Amino acid sequence: MTLYAFYFLSFVAIFSALLVVFSKNPVYSVLYLIITFFAIAGHYILLNAQFLAVVHVIVYAGAIMVLFLYVIMLLNLNEESEPHKNTMVKIAAVFSSGLLLLVLIGSLRGASQLVHKTGGEIGLVQNLGQVLFGEFLFPFEVASILLLAAMVGVVMVGKDEEKNAND
Amino acid sequence: MIAFLTYKGILVLVIFIITLAVAAYSTYAERKVAAFLQDRIGPDRAGPFGLLQPLADGAKFFFKEEIIPNVSNKVLFVLGPCIAMLTALMAGVVIPWGNTVFLGGKEYALQIADLNIGILYVFGVVSIGVYGIMIGGWSSNNKFSLLGAIRASAQMISYEIAMGLSIIALILMTGTLSLREITLQQAGGIGSHWNFWNVVYQPLGFIIFLVCAFAECNRTPFDLPECETELVGGYHTEYSSMKLGLYLFSEYINMFISSAVISTLYFGGFNFPFMNNVGLSHNWITVLGSAFFFGKVVFFIFFFMWIRWTIPRFRYDQLMNLGWKILLPLAIFNIALTGLVSLLFSR
């Protein structure tokens with residue numbers, strides 16, 4: 001049962017991820033990306049990480065993709081207005097994303113040893129909270145300061161443009 | 001296993017039917033409340049007191065001509081109302097509609113799924129709900145629809161933040177994300193031992209949550225996405241027949257679900273005063289509790305309507321100011337206050 005669910009979710013995730021890249025219309029790309037995120041959230045649930053799954057849905061599918069869709073709708077991007085990039089840029093994009101894939105695969109190499117260490121309950125909100133605020137407190141706080149800095153930066157950039165527009 | 005599945009299946013079906021019935025009669029109640037507040041009679045032609053009005057409306061929606069604009073994106077145009085309806089119905093899964101019932105020596109909980117992340121699940125479903133409006137508005141290929149869709153997305157994102165932060169203060173206090181446990185913590189109340197509902201401890205959080213719930217449901221004074229004085233009909237300008245019906249209906253379902261969530265989080269859910277002192281058996285307490293729960297829900301639905309027919313619509317910049325400059329800092333202040341108080345008094 002779990003195995004079939006895994007195959008189904010993997011199929012959906014990979015298929016819709018391919019469609020994100022191949023669809024001409026940016027709105028379709030965003031919608032397929034949302035489906036991909038749901039499939040990945042399903043994987044989290046299979047791994048008994050309900051908290052991660054629901055946060056994944058809230059943050060990525062529910063907030064970030066809404067903003068993506070918002071911008072695409074506001075700029076009214078569609079098939080005709082899609083800019084055509086030249087071949088060099090495309091080759092460079094393929095090459096760099098291939099490198100990223102290599103890095104990701106490399107980081108997963110030792111993952112098979114981790115499976116039994118966590119006991120399968122690490123994704124529940126209580127365990128996750130204890131790990132985040134105990135063992136990994138410092139990195140967690142650093143990450144939050146990084147996010148805060150990014151937020152302040154965004155506000156500053158927005159303000160600057162407003163001032164320039166008034167001049 | 002089979003018995004478990006049958007029981008859950010029946011529960012899902014019952015809650016589905018109750019949700020649809022409550023939503024249908026909310027449309028009737030809305031007009032009756034409007035009529036009452038404006039000193040009119042309201043619908044009274046279909047059946048006694050107009051009680052068959054929702055059926056008449058439904059039949060009318062089905063027999064109306066269905067127009068799909070030529071320039072629209074047909075697949076997404078149909079998908080929009082479907083998503084709106086689907087996500088509206090999904091949130092009811094985690095709400096505890098009642099305590100447990102003992103039947104033949106077995107305990108049955110009147111809740112479809114007691115997830116340990118219940119409240120976050122509700123947030124997840126709510127955050128997906130906006131896609132129904134956005135996809136519908138965009139695929140209509142109409143400027144007014146698009147503006148409505150864009151407004152909806154900006155509004156939902158803005159108010160989700162304040163809503164989430166107002167909930168964090170409550171979670172700080174209760175220490176759990178499960179809606180059932182939050183309800184059980186509020187058990188007892190006035191009577192044998194004093195135990196107040198969460199609204200007593202979280203008045204500010206409750207007000208922030210309530211305002212955000214109005215905004216999330218697109219109800220007046222926050223119904224900017226369908227603001228008819230500026231945008232014809234907003235995101236559903238191009239919709240006709242039952243597709244329009246689904247959009248309108250999903251708004252009432254959302255209202256019902258948010259009333260249920262408010263009652264659960266802040267008003268004790270299925271608990272009621274003197275519940276330990278009436279001297280009834282557990283099953284009867286559960287039945288009474290569910291009745292009280294629905295009473296609270298009905299009150300909040302009435303409150304939604306009361307506000308709608310009392311307060312005029314905000315301007316868009318006022319809406320954004322309220323969300324970002326008032327509710328968000330207030331919610332953060334509430335978190336800090338709750339943290340401080342629970343640290344000092346270690347409640």
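This is a predicted model: local features need pLDDT of at least 70, side-chain atom pairs count only at pLDDT 80 or more; totals for chains, interfaces and linings use all residues.
Let us begin with chain B as a whole. Chain B is built from 12 helices and 2 strands. Along the principal axes, the C-alpha atoms of chain B fill a box of roughly 65 × 50 × 45 Å. How does the radius of gyration of chain B agree with that of a compact globule? A compact globule with 347 residues would have a radius of gyration near 20 Å, and because chain B has 21 Å, the two agree. Of the 347 residues in chain B, 44% are buried. The contacts also tell us about the fold: taking those in chain B between residues at least 6 apart in sequence, 79% join residues at least 24 apart.

Now look at where the two chains meet. Here 18 residues of chain A are in contact with 19 residues of chain B. On the side of chain A that touches chain B, helix α3 of chain A, residues 50-75, gives the most, with 15 residues. By class, that side of chain A has 16 nonpolar residues, 2 polar ones and no charged ones.

The helix α3(A) also has a partner within chain A. Helix α2 of chain A, residues 26-46, packs against α3(A) at an angle of about 175°, and the two axes are 8 Å apart. An angle over 145 degrees counts as roughly antiparallel, so α2(A) is roughly antiparallel to α3(A). Among the residues that meet here are V30(A), F37(A) and Y44(A) from α2(A), and H56(A), Y60(A) and F68(A) from α3(A). Sorted by class, the contact of α2(A) with α3(A) has 20 nonpolar and 2 polar residues, and no charged residues.

Finally, let us zoom in on one residue of chain B. A149(B) sits in helix α5 of chain B, which covers residues 143-174. Is A149(B) buried or exposed? A149(B) counts as buried because it has 31 C-beta neighbours inside 10 Å, where 20 or more are needed. Leaving aside neighbours within four places in sequence, the contacts of A149(B) include I133(B), W138(B) and Y235(B), and also M73(A) from chain A. A149(B) and P225(B) are 76 residues apart in sequence, but their C-alpha atoms are 6.4 Å apart in space.

Terms used: Residues are numbered from 1 along each chain as its sequence is written. Chains are lettered from A and ligands numbered from 1 in the order in which they are written. Helices (H or I, at least four residues) and strands (E, at least two) are DSSP runs, numbered from the N terminus. The radius of gyration is taken over C-alpha atoms; the globule rule is 2.2 Å times the number of residues to the power 0.38. A residue is buried if 20 or more other C-beta atoms lie within 10 Å of its own, exposed if 12 or fewer, and partly exposed in between; C-beta atoms are placed from the backbone. Two residues are in contact if their C-beta atoms, placed from the backbone, lie within 7 Å. Ala, Val, Leu, Ile, Met, Phe, Trp, Tyr, Cys and Pro count as nonpolar, Asp, Glu, Lys and Arg as charged, and the others, Gly among them, as polar. Axes are lines fitted to C-alpha atoms, for helices over the stretch in contact, and angles run from 0 to 180 degrees between N-to-C directions. Angles under 35 degrees count as roughly parallel, over 145 as roughly antiparallel, 65 to 115 as roughly perpendicular and the rest as oblique.
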